[in-house]
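Subject: A structure for you to look at

Hi,

I am passing on the structure I mentioned, and below it you will find my notes. Could you have a look with the viewer open while you read?

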Amino acid sequence: YRVGGGSNDAPRDALLDAKRAVRMVKQNAARWGVASEHLGVIGYSAGSHLALNLAGTFDAGDASASDPIEKQSSRPAFVGSMSTWADYSANSPFTFPDGVPSVYFCHAEDDTLAPIALARTVDMQIRAKGGTTQLDFYKTGGHSTCHPGDPKMEGHDWPNKFWPWVQSVLQ
């Protein structure tokens with residue numbers, strides 16, 4: 001959903017946009033009243049795929065860039081991965097560096113669009129790199145379990161678990 005400058009490679013463009021968004025908020029943090037060291041990203045389904053790609057490919061910024069935004073790091077402080085998705089596959093396409101951000105997972109065991117095995121595999125990958133995770137898994141709810149607006153949905157209360165987790169990882 002780029003505005004200008006895109007290519008025919010949507011995953012590449014989305015990742016560049018995510019990095020740019022993190023950098024832009026960090027560059028403007030003081031003016032916008034944001035604690036840049038607490039800036040995180042949350043994604044649902046395909047958005048979780050993007051958030052995890054960002055967690056795996058963040059960079060420190062380009063100190064020699066003429067654009068001050070590009071000098072900022074693209075590393076988020078944390079990631080929320082809701083209904084972790086990777087093109088319907090249970091196999092992880094992600095790689096993570098040392099220093100990977102902490103990741104919170106919300107997922108239903110009966111999700112047939114995004115197999116829960118993927119979230120479990122990504123969790124193990126992050127832990128293997130020394131990262132911290134929180135698994136918030138529900139028996140039912142399918143691919144919609146992380147929608148907080150439906151009080152009948154088993155996973156509707158994930159924000160009540162997510163916010164204390166965020167506060168603990170940001171300390």
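In β2, Met82 is the bridge partner of Tyr44. The strands β1 and β2 pair in the parallel sense over 4 bridges; here two strands pair if DSSP finds at least two bridges between them. Helices (H or I, at least four residues) and strands (E, at least two) are DSSP runs, numbered from the N terminus.

Before going further, please note that this is a predicted model, in which local features need pLDDT of at least 70, side-chain atom pairs count only at pLDDT 80 or more, and totals for chains, interfaces and linings use all residues. Residues are numbered from 1 along each chain as its sequence is written, and side-chain values use heavy atoms, with hydrogens and water left out.

Now the sheet. It is open and has 4 strands in the order β1-β2-β3-β4, with parallel pairing. β1 (41-44) and β4 (133-138) stand at the edges with a single partner strand each, so one side of each has no neighbour in the sheet. From one strand to the next, the twist averages 10° (axes are lines fitted to C-alpha atoms, for helices over the stretch in contact, and angles run from 0 to 180 degrees between N-to-C directions).

Moving along the sheet, β2 and β3 run parallel and are joined by 5 bridges, with Gly80 opposite Tyr104 in β3. Strand β3 (residues 102-108) then pairs with β4, also in the parallel sense, over 6 bridges. There, Tyr104 has Gln134 in β4 as its bridge partner.

How buried is strand β2 (residues 78-82)? Of its 5 residues, 5 are buried, so β2 is largely enclosed by the rest of the structure. Buried means under 20% relative accessible area, exposed over 50%, and partly exposed in between (1.4 Å probe, protein chains only). Both faces of β2 are covered, with Phe78, Gly80 and Met82 on one side and Val79 and Ser81 on the other.

β1, helix α3 (residues 46-57) and β2 make a right-handed β-α-β unit. A crossover is right-handed if, with the strands pointing away from the viewer, the path from the first strand over the helix to the second runs clockwise. Ser48 lies in helix α3 and counts as buried at 0% relative accessibility. Beyond its neighbours within four places in sequence, Ser48 is in contact (heavy atoms within 4.5 Å) with Gly43, Ser81, Met82, Ser83, Thr84 and Trp85.

Leaving aside neighbours within four places in sequence, Gln134 is in contact with Val103, Tyr104, Phe105 and Trp165.

Finally, the aromatic rings. The structure holds 9 aromatic pairs. Among them, Trp85 and Tyr88 are edge-to-face, at 5.3 Å centre to centre and 85° between the planes. Rings of Phe, Tyr and Trp (its six-membered ring) pair if their centres lie within 6.5 Å; planes under 30 degrees apart count as stacked, over 60 as edge-to-face and the rest as tilted. Trp85 is buried at 15% relative accessibility, whereas Tyr88 is exposed at 55%. Phe78, Tyr104, Trp158, Phe162, Trp163 and Trp165 form one aromatic cluster.

Happy viewing, and do write back with questions!

Best wishes
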